[in-house]
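Have a look at the structure, then read on.

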Amino acid sequence: MDHYPPRLVVSPGAESKATAIGFEVLNARDLRRTAAAVEDAGVKVIEGTEAECDERRVTGFVRFDDPAANAIELFYGPVLDHKPVVLPR
């Protein structure tokens with residue numbers, strides 16, 4: 001549909017629930033600013049590791065839990081392959 005990596009990843013798990021909900025920000029500066037605002041609200045923010053970034057195919061991301069304990073991930077810099085879309089005919 002576009003050059004982005006999968007937008008929805010379904011993996012087997014112990015529970016039937018979303019393990020993370022991701023939102024893209026423009027760049028590293030916006031990620032830092034948004035993460036700081038979340039921390040200022042008293043929420044612990046964890047920076048993703050290089051291995052986690054590779055797994056998600058992003059340049060950088062942070063994660064935190066929202067008030068309902070849903071895992072939220074903010075990311076920037078999706079790693080795109082720019083291969084043409086091939087539709088079967």
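What follows covers the sheet and then the salt bridges of this predicted model.

Four of them make an open sheet in the order 1-4-3-2, and the pairing is mixed. Strand 1 (21-24) and strand 2 (46-47) sit at the edges with a single partner strand each, so one side of each has no neighbour in the sheet.

Going across, strand 1 runs parallel to strand 4 (residues 71-78), with 4 bridges between them; isoleucine 21 has isoleucine 72 as its bridge partner there. Strand 4 and strand 3 are antiparallel and share 7 bridges, and glycine 60 faces tyrosine 76 of strand 4.

## The salt bridges

How many salt bridges does a search of the whole structure find? It turns up 2. In one, arginine 63 pairs with glutamate 52, with 2.9 Å between the closest N and O atoms. That ties strand 3 to helix 2 (residues 50-56), across 11 residues of chain. Arginine 63 is partly exposed at 22% relative accessible area, while glutamate 52 is buried at 19%.

Arginine 56 and glutamate 73 make a salt bridge too, at 2.9 Å from N to O. Here helix 2 is linked to strand 4, and the two residues are 17 apart. Arginine 56 is partly exposed at 28% relative accessibility; glutamate 73 is buried, with a relative accessible area of 13%.

Technical notes: Residues are numbered from 1 along each chain as its sequence is written. This is a predicted model: local features need pLDDT of at least 70, side-chain atom pairs count only at pLDDT 80 or more; totals for chains, interfaces and linings use all residues. Side-chain values use heavy atoms; hydrogens and water are left out. Two strands pair if DSSP finds at least two bridges between them. A salt bridge is a side-chain nitrogen of Lys or Arg within 4 Å of a carboxyl oxygen of Asp or Glu. Buried means under 20% relative accessible area, exposed over 50%, partly exposed in between (1.4 Å probe, protein chains only).
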